[in-house]
Amino acid sequence: MSATDTPKRSMRTPLGRVRNLGAAHSGTSDFWRQRITGVAMTLLMIPVLVIIMMLLGRNQVGAAQILSSIPVAVILLLFIFASAWHMKIGMQVVIEDYVHNEKLKLVSVMLNNFFSVAVALASTYAILKLSSGV
């Protein structure tokens, strides 16, 4: 019997190896979503910083003129969406790892989801209102 014939030693069950799931039984989807939103925020950081620098020293009318541009609104909306999603995933991982009371964990995850959606919706509303010129 050669070294290639021996099965790999693993702590995972055969079903877990087939499904490629870890101990949490949810796979690595949160891990990859966190990385994807992090990369998206990194790529959007330069345009967002340029927009912020363009807004420096402007009065309300000048800022509204810059923010009424469709490309500026799209960049800011993408950044807001990626940031809110990244924040939700990150806080959920922390809550799931460090809150041990199941009821408190459930309430905390629900509040985290609500807060993340509220931040995203409020920010989206503000950007859309500014970009529409209302």
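Begin by selecting Gln92, which, once neighbours within four places in sequence are set aside, is in contact with Val109, Asn112 and Asn113, contact meaning heavy atoms within 4.5 Å. Before going further, note that this is a predicted model, in which local features need pLDDT of at least 70 and side-chain atom pairs count only at pLDDT 80 or more, whereas totals for chains, interfaces and linings use all residues. Residues are numbered from 1 along each chain as its sequence is written, and side-chain values use heavy atoms, with hydrogens and water left out.

Gln92 belongs to helix H4, residues 70–98; helices (H or I, at least four residues) and strands (E, at least two) are DSSP runs, numbered from the N terminus. Gln92 counts as buried because its relative accessibility is 14%, where buried means under 20% relative accessible area, exposed over 50%, and partly exposed in between (1.4 Å probe, protein chains only).

Now extend the selection to the whole of H4. Its 29 residues should span 42 Å at 1.5 Å a residue, and its end C-alpha atoms are 42 Å apart, which agrees; the expected span is 1.5 Å times one less than the number of residues. The buried residues of H4 are Val72, Ala73, Leu76, Phe79, Ile80, Ala82, Ala84, Ile89, Gln92 and Ile95, and they pack against H2, helix H3 (60–67) and H5.

Staying in helix H4, pick Met87, which counts as partly exposed because its relative accessibility is 29%. Leaving aside neighbours within four places in sequence, Met87 is in contact with Asn112, Phe115, Ser116 and Val119.

Next, look for the salt bridges, of which the structure holds 2, a salt bridge being a side-chain nitrogen of Lys or Arg within 4 Å of a carboxyl oxygen of Asp or Glu. Select Arg33 and Asp30, whose side chains meet in one of them at 3.6 Å, N to O; because they are 3 residues apart in helix H2, about one helical turn separates them. Arg33, at 37% relative accessibility, counts as partly exposed, and Asp30, at 28%, also counts as partly exposed.

Then move to Glu102 and Lys105, which form a salt bridge with their closest N and O atoms 3.6 Å apart. These two are 3 residues apart in helix H5 (residues 102–132), and so are separated by about one helical turn. Here Glu102 counts as exposed at 54% relative accessibility, whereas Lys105 counts as buried at 17%.

Return to helix H2 (residues 29–55) and select Leu49, which counts as partly exposed because its relative accessibility is 40%.

In the span 36–56, the end C-alpha atoms lie 30 Å apart, with 95% helix and 0% strand. For residues 62–85, the end C-alpha atoms lie 30 Å apart, and the span is 92% helix and 0% strand.
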